[in-house]
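Here is a walk through one chain, from its overall layout down to single residues. Keep the sequence and the coordinates at hand.

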Amino acid sequence: MELNLPMPPTDNHIYSNAPFGRVLSSAAKRYKTLVRTAIGKLATSHDLSFRNHIPYYVRLTIFMDLYTKGWPKKAMWKYRKVDATNRTKLLLDAISEAIGVDDRHFVTVLVRKEEAKDEQYVRVSVEEMCPR
């Protein structure tokens, strides 16, 4: 399965503090709904099914602004300080819920950054791995 999704909220914006503890923020709830809907449509149109108890390889390619403006003349570093893994927790949880497979089965997760041409987004790929 492969699809493009909007950029998820950062880990800093996943939870809100409530009087009874931490809860998912409204932005996180909206994002999970969006992911479930997108994966549901794709799974239905391509007759995809996912199973527990087998390993999955998940590839996340995050298309974002990588380069520091003004480098090398005005900026010290070529690449912006952007933590790509700060965007993966909610995304992996949402994928797990959408495909009905516990994320403990995401045995290999690769996170990669690419320069965005226009808008920022995440390309998600989930594949079965050969069980050992």
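Helices and strands here are DSSP runs, numbered from the N terminus: a helix is a run of H or I of at least four residues, and a strand is a run of E of at least two. The model is a predicted one.

Start with the whole chain. The chain holds two helices and six strands. Along the sequence they follow the pattern β-β-β-α-β-α-β-β. Taken along the principal axes, the C-alpha atoms fill a box of roughly 50 × 45 × 30 Å. The chain has 132 residues, and 35% of them count as buried. Now consider the contacts between residues at least 6 apart in sequence. Of these, 78% join residues at least 24 apart.

Next, the helices. Two packed helices are described by the angle between their axes and the distance between the axes. Here α1 and helix α2, residues 88–99, pack at an angle of about 45 degrees, and their axes lie 9 Å apart. That angle makes α1 oblique to α2. The crossing of α1 past α2 is right-handed. Which residues make the contact? From α1 come Ala28, Tyr31, Lys32, Val35, Arg36 and Ile39. From α2 come Leu90, Leu91, Asp93, Ala94, Ile95, Glu97, Ala98 and Ile99. By type, the residues of this contact divide into ten nonpolar, four charged and no polar.

Lys32 is one of the contact residues from α1. Its helix, α1, spans residues 26–45. Is Lys32 buried or exposed? Its relative accessibility is 10%, so Lys32 counts as buried; the cut-off for buried is under 20%. Which residues does Lys32 touch, beyond those up to four places away in sequence? They are Leu24, Leu90, Asp93, Ala94 and Glu97. With Glu97 there is also a polar contact: the two side chains are joined at 2.7 Å.

Now leave α1 by the loop that runs to β4. Asp47 sits in this loop. Asp47 is not a glycine, yet its phi is positive, at about 50 degrees. Asp47 counts as exposed because its relative accessibility is 70%; exposed means over 50%. His53 is found in the loop between α1 and β4 as well. His53 also has a positive phi without being a glycine, and the value is about 70 degrees. With a relative accessible area of 73%, His53 is exposed.

Is Ile54 buried or exposed? Its relative accessible area is 13%, so Ile54 is buried. Leaving aside neighbours within four places in sequence, Ile54 is in contact with His105 and Glu128. Look also at Val101. Ile54 and Val101 are 47 residues apart along the chain, and their C-alpha atoms are separated by 9.4 Å.

A further loop lies between β4 and α2, and Pro72 is found there. Check the backbone at this point. The peptide bond that joins Trp71 and Pro72 is cis, with omega of about 5 degrees.

At 17% relative accessibility, Met7 counts as buried. What does Met7 touch, not counting residues up to four places away in sequence? The list is Tyr31, Ile62, Phe63, Met64, Arg87, Gln120, Tyr121 and Val122. Tyr31 also belongs to the α1 side of the helix contact. Arg87 is 80 residues from Met7 in sequence, but 7.8 Å away in space, C-alpha to C-alpha.

Thr10 is found in the loop between β1 and β2 as well. Thr10 has a relative accessible area of 15%, so this residue is buried. Apart from neighbours within four places in sequence, Thr10 is in contact with Asn86 and Arg87.

Conventions. Residues are numbered from 1 along each chain as its sequence is written. Side-chain values use heavy atoms; hydrogens and water are left out. Buried means under 20% relative accessible area, exposed over 50%, partly exposed in between (1.4 Å probe, protein chains only). A polar contact is a pair of N or O atoms within 3.5 Å; within protein, one must be able to donate a hydrogen and the other to accept it, and residues adjacent in sequence count only if both atoms are side-chain atoms. Contact means heavy atoms within 4.5 Å. Axes are lines fitted to C-alpha atoms, for helices over the stretch in contact, and angles run from 0 to 180 degrees between N-to-C directions. Angles under 35 degrees count as roughly parallel, over 145 as roughly antiparallel, 65 to 115 as roughly perpendicular and the rest as oblique. A crossing is left-handed if the near helix is turned anticlockwise from the far one by less than a right angle, and right-handed if clockwise. Ala, Val, Leu, Ile, Met, Phe, Trp, Tyr, Cys and Pro count as nonpolar, Asp, Glu, Lys and Arg as charged, and the others, Gly among them, as polar.
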